[in-house]
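Hi,

Here is the model I promised to send over.

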Amino acid sequence: MLYSLGLTQAGGRLLFAPDLEFEHDCATQTAGATPRPLWKVYYLHRNAWFVYRRVAGRLFFPPLMALMLLKWLRKGRLLPAAERRICRRLIRLAVRDAFRGELGRSHAQIMALADGVGTTAPWAEGTASGSPAAGDDR
């Protein structure tokens, strides 16, 4: 989505190619439900931040994100307590990384957080700088 938005904002045109097919893994998420596995929560919210910022623009982005943050932090309220804490921690981390423009957090770090491992590690709540595998699988 970000690629297409950037392309059109740069003056490019999108063309319809009927022979082009995309396959989306939608089985892991249903409307309003928490994505499974939980590590997807991080990427979903971090990437949504970038999309909203680009689409809403400078004027509308701050109030939009205030509303979205309230909505996002309500997610997972039906999960068991331990999973709810992990879900919300992943959302907070995703928002923090998106706000700072940090894209270097490794997938291994996200997986560890989603599994409830290492939740007190310095990278769990801090910046992604110094990540051992910046740019790993995302």
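How many helices and strands does the secondary structure of the protein come to? Five helices and zero strands, where helices (H or I, at least four residues) and strands (E, at least two) are DSSP runs, numbered from the N terminus. Read from the N terminus on, the elements go α-α-α-α-α.

Some housekeeping before the details. This is a predicted model, where local features need pLDDT of at least 70 and side-chain atom pairs count only at pLDDT 80 or more, while totals for chains, interfaces and linings use all residues. Residues are numbered from 1 along each chain as its sequence is written, and side-chain values use heavy atoms, with hydrogens and water left out.

Overall numbers: the protein has 138 residues, and 33% of them count as buried. Buried is under 20% relative accessible area, exposed is over 50%, and partly exposed is in between (1.4 Å probe, protein chains only). The accessible surface comes to about 9,100 Å², with 60% of that belonging to carbon and sulfur atoms; areas are from the Shrake-Rupley method with a 1.4 Å probe, and for residues only the protein chains shown count as cover. As for contacts (heavy atoms within 4.5 Å), take those with a separation of 6 or more: residues 24 or more positions apart account for 60% of them.

Now the inside. Beyond its neighbours within four places in sequence, Tyr-42 is in contact with Leu-90, Leu-93, Ala-94, Asp-97, Arg-105 and Ile-110.

- Ala-98 sits in helix 3 and is buried, at 0% relative accessible area. Not counting residues up to four places away in sequence, Ala-98 touches Arg-46, Trp-49, Phe-50 and Arg-53. Its C-alpha atom is 6.9 Å from that of Phe-50, 48 residues apart along the chain.
- Leu-5, in helix 1 (residues 2-9), counts as partly exposed because its relative accessibility is 21%. With residues up to four places away left out, Leu-5 touches Val-51, Arg-54 and Val-55. The C-alpha atoms of Leu-5 and Val-55 are separated by 8.0 Å.

Cheers
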